[in-house]
Amino acid sequence: MSEAKDVFEILMRENAEMLLAYLRASVRDRHAVDDIFQETMVVAWRRLSDFDRTASFGKWIRGIAAKLVLVHYRKSGRDPLNLDEHSLEWMDGRLTRLQSANGDKLSEKLVLLRECVDALSDDNRAAIEARYFQQLSLDEVVSKMGVALQTVKKRLYRARVQLSGCLDRKLPALEESV
C-alpha cells in the first residue's frame, strides 16, 4: 500500500497545477475550487485501481474533476454559463496539449498564453485580464472599464477566439519539439 501511496503522491504533485487551472477555469468560487480539488484527490485515491496505467493520469484526474464540477453546479442550483460536458472535454483537450508541451512546470508552459494575451488589442487584453486574471465578475469588469455589459461580452468573446487561434498556432510547434 505504501508504494501505491508514493506513486499517487508523485502523480498528484505532477498534475496538481494543471488540475487547479482546470478547476479555476470551470468554477469561479475559490472555496468551491478548493473543495472540488480535495474531493477529486479523495475520489482518485479510492479509485486508483481503476486507473489505466497506459493512459494519461492528468486526463484521468480531470475526468473525475469534471464530474464533480457538474455535481457542484447541480447541487448549488446555479447554471454555469456555457459549461457542460462538451466544454469541459474541450478544455481538457487543450490542457492535455499544453501538458505535453516542453517545460516542467505549468508556469513555464503558460508563457505561451501570456504571449498570446500580450498580442491582443488593449481593450480585449484589459477585458481578459480583469475577468480571468483578476477574477472580477462581469458587473465588476463593466464598472472598471466604464462600458456597457454587451461591449464587455463582445470583447471577451473576441479575445477568447483570438487566444484560441494563437494557441492553436503555437502549440503544434511546441509539440513537435517534445
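**Notes on a predicted model**

R155 sits in helix α9, which covers residues 149-177. Helices here are DSSP runs of H or I with at least four residues, strands are E runs of at least two, and both are numbered from the N terminus. Before going on, the conditions: this is a predicted model, so local features need pLDDT of at least 70 and side-chain atom pairs count only at pLDDT 80 or more, while totals for chains, interfaces and linings use all residues. Residues are numbered from 1 along each chain as its sequence is written, and side-chain values use heavy atoms, with hydrogens and water left out.

Is R155 buried or exposed? R155 counts as buried because its relative accessibility is 15%; the cut-offs are under 20% relative accessible area for buried, over 50% for exposed, and partly exposed in between, with a 1.4 Å probe and protein chains only. Leaving aside residues up to four places away in sequence, R155 touches D123, N124, A127, M145 and V147. Contact means heavy atoms within 4.5 Å.

Next, the helix pair. Helix α6 (residues 111-118) packs against helix α7 (residues 122-133) at an angle of about 140°, and the axes are 9 Å apart. That makes α6 oblique to α7. Axes are lines fitted to C-alpha atoms, for helices over the stretch in contact, and angles run from 0 to 180 degrees between N-to-C directions. Under 35 degrees is roughly parallel, over 145 roughly antiparallel, 65 to 115 roughly perpendicular, and the rest oblique.

Which residues meet there? From α6 they are R114, V117 and D118; from α7, R125, I128, E129 and F133. By class, the contact has three nonpolar residues, no polar ones and four charged. Nonpolar means Ala, Val, Leu, Ile, Met, Phe, Trp, Tyr, Cys and Pro; charged means Asp, Glu, Lys and Arg; the others, Gly among them, are polar.

Now the aromatics. A search of the whole structure gives five aromatic pairs. One of them is F51 with F57, edge-to-face, at 5.3 Å centre to centre and 85° between the planes. Rings of Phe, Tyr and Trp (its six-membered ring) pair if their centres lie within 6.5 Å; planes under 30 degrees apart are stacked, over 60 edge-to-face, the rest tilted. F51 is buried at 14% relative accessible area, and F57 is buried at 5%. F8, W45, F51, F57 and W60 form one aromatic cluster.

Last, the totals. The protein chain has nine helices and zero strands. Of its 178 residues, 37% count as buried.
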